[in-house]
Amino acid sequence: MAAEREVKLLGLWASPFVIRAKIALALKGVEYEYFEEIFGNKSELLLKSNPVYKKVPVLIHNGKPICESLIIVQYIDDVWSGVGPSIVPSDPFDAALVRFWSHYVDDKWFPSYLEVVKGETREAKIDAAREAIARLEPLEEAFEKQSKGKHFFGGETIGFLDIALGSCLVWIKAAEKITGLEFFDKLPNLSAWAECFWAHDVVKAVMPEVDAIVDFAKKIQAKFNSPPPPTTN
């Protein structure tokens with residue numbers, strides 16, 4: 001296929017944002033070359049490809065870099081529109097809704113979840129987890145409207161919002177191990193959705209192991225809570 005002439009993905013194995021790109025590429029059956037970044041050490045290729053934000057994921061298609069995970073997912077759906085399931089709804093209103101809720105995941109939910117990782121004590125992590133769970137409640141309600149009685153936000157198949165939230169599912173499972181709290185205990189729609197998403201062959205092929213994420217979360221916590229380097233005059 002002409003559109004596949006040269007596809008590269010710069011990523012970090014544990015990043016939920018990189019997982020988004022991997023799921024979208026897999027749903028479309030796109031072959032690509034993967035470049036793993038080293039945590040805490042940005043490669044020259046990354047800095048050259050994303051000089052503004054200097055972070056993964058970056059999709060490079062025929063030498064042209066595309067940055068930011070949700071933009072990448074949209075791009076993949078646009079370029080490979082005739083292959084595999086549609087990721088973004090064709091109806092403009094439905095497409096606007098899934099973008100709205102996907103930005104909610106990034107702007108409102110994920111920052112609250114990140115506090116679970118950053119928390120220095122178990123009590124702080126549990127408090128942060130409770131807040132993250134509370135911020136899932138609007139998505140529980142959104143699922144009823146978006147899914148139309150089907151398994152996914154996208155209906156019968158994994159769609160844009162499924163990828164946006166589902167990419168974080170392994171981190172949610174890690175947080176459950178760390179805190180002992182069940183994130184979907186009182187969210188039956190999301191609980192059923194999570195089971196279906198986690199069991200999907202495409203998802204299973206790209207998701208890291210939960211225990212590996214638990215260990216990686218400790219590294220991130222150490223980085224967040226380490227004192228800043230001394231300044232020199």
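Predicted model: local features only at pLDDT ≥ 70, side-chain atom pairs only at ≥ 80, totals over all residues.
1. Helix 8 (residues 169-179) packs against helix 11 (residues 210-225), with axes that come within 9 Å and cross at roughly 75 degrees. Angles of 65 to 115 degrees count as roughly perpendicular, and helix 8 and helix 11 are therefore roughly perpendicular to each other. On the helix 8 side the contact is made by Val170, Trp171, Lys173, Ala174, Lys177 and Ile178. Helix 11 contributes Val210, Asp211, Ile213, Val214, Phe216, Ala217 and Ile220. By class, the residues of this contact are 10 nonpolar and 3 charged, with no polar ones.

2. The largest pocket has a volume of about 1,100 Å³. It is lined by 36 residues, and Ser15, Phe17, Lys55, Val56 and Phe110 are the closest to its centre. The lining divides into 21 nonpolar, 6 polar and 9 charged residues.

3. Four helices each supply at least two residues of the lining of the largest pocket: helix 1 (16-28), helix 3 (69-79), helix 4 (92-118) and helix 11. Helix 4 gives the largest share, 9 residues.

4. Two or more lining residues come from each of helix 4, helix 6 (137-147) and helix 7 (160-166). The lining of the second largest pocket comprises 7 nonpolar, 8 polar and 3 charged residues.

How values were computed: Residues numbered from 1 in each chain as written. Heavy atoms only, no water. Axes fitted to C-alpha atoms, helices over the stretch in contact; angles between N-to-C directions. Parallel < 35°, antiparallel > 145°, perpendicular 65-115°, else oblique. Contact = heavy atoms within 4.5 Å. Nonpolar A, V, L, I, M, F, W, Y, C, P; charged D, E, K, R; others polar. 1 Å grid on protein atoms, 1.4 Å probe; cavity = no way out; pocket = protein on both sides within 12 Å on 5 of 7 lines; lining within 4 Å. Points joined across faces, edges and corners; volume = space filled by probe spheres on them.
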